[in-house]
Amino acid sequence: MTATKTYLRGTLITAGIAAMMALSACGDKPAASKEKAAAESGEAGHGHAEGEGHGKEEAGESTKMTDEAAKTAGVEIATAGPVSIDDTTSISGRVEIAPEGKGEVRAWYPGRIMSLSAQIGQNVSKGQTLARVESSESLQTYSIPAGISGVIMEKNANVGDTAYDRPIYVIANPNALQASFFLFPRDAESVRAGQSVSIKTLGGQTINATVSSLLSSVDPQTQTQTAIVKLPASAAGDLRAGMAIEGKFVTSQTVAAVAVPTDALQTLEGKQVVFVKSGTTYTARPVQVGRQTQAWAEIVDGLTAGESYVSKGSFLIRADIEKSGAEHEH
């Protein structure tokens, strides 16, 4: 009996040790596998993160585009170089008929108007008979012709009226236009005869002209001086007498060693950049901007003369770079 108990106890102990060893072995293998998997995962994850970061850095700086695709998209390339930058000031004005573009039709001698042949708004030609008047002294009837070609703007008499003390008609040539700009004292100091003026029309066209003269008198109510700008005949297609306009007067000109159109500048990752072209690669080049006008920006650092850059459509290149960066992040 005692021997039997001793045998059973030994058997149980042996089985227990074997079970513990088996459990220990089972536990060690998964742990080792987890460590190995974690290591492999860490190595793979580290390599992927580096790859992502590198790709993002490249995408954030440049992009590729064929010349054909760029042309189709409207991207234009220019060569960096010197540009004359204009300093301008904006001044309000009004369109008027120039004095030489106005003509009055008057009776030559006192008398009675016998006939009138034109109406307001009608186009007439120089030399065309517009009225017939009977002289009060000779009782002879004579014809009165148009002194200039243009449009009848005023009609101040009727048949049967006495003519002589006022114009019968007023004619205006719509192509003979000028602009009067009103200079406050701060503007009058910088505006001179001969300066260039650009006027933007409602249709988006630009009319270029020059200051022909400055009136010496000052309006007592507004304290403004008037600058007269003769407009080209082509301006009549966009401007009408009486219209309010704004002109940009070029008050000074300086030459910048390197300048780009203002539209060529873009902001990328908080920096002002210009996209430089090399082959089919467009690279964002951080630049330092000096003087800047509505049309041009002086580049004092970051772009050298002779380099090719995107002068038009730079926003398309920026969008392509930002799109590439977003795709790499995902």
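Trainee: What classes of residue are in the lining of the largest pocket?
Mentor: Six nonpolar, eight polar and four charged, with Asp, Glu, Lys and Arg as charged, Ala, Val, Leu, Ile, Met, Phe, Trp, Tyr, Cys and Pro as nonpolar, and the others, Gly among them, as polar. Mind you, this is a predicted model, where local features need pLDDT of at least 70 and side-chain atom pairs 80 or more, while totals for chains, interfaces and linings use all residues. Numbering runs from 1 along each chain as its sequence is written, and side-chain values use heavy atoms, without hydrogens and water.

Trainee: Which element gives the most to that lining?
Mentor: S13, with five residues; a strand is a DSSP E run of at least two residues.

Trainee: How do you know that S9 and S11 pair?
Mentor: DSSP must find at least two bridges between two strands. Strand S9 (residues 150–155) and strand S11 (residues 169–172) have four, in the antiparallel sense, so they count as paired. Val151 stands opposite Ala172 in S11.

Trainee: Why is Ser180 called buried?
Mentor: Buried means under 20% relative accessible area, exposed over 50%, partly exposed in between (1.4 Å probe, protein chains only). Ser180 has 4% relative accessibility, so buried it is. Ser180 lies in strand S12 (residues 177–183), and its C-alpha atom is 5.4 Å from that of Arg94, 86 residues apart along the chain.

Trainee: What makes the link between the side chains of Ser180 and Glu96 a polar contact?
Mentor: The rule wants N or O atoms within 3.5 Å, one able to donate a hydrogen and the other to accept it. Ser180 and Glu96 come in at 3.0 Å, so the pair qualifies.
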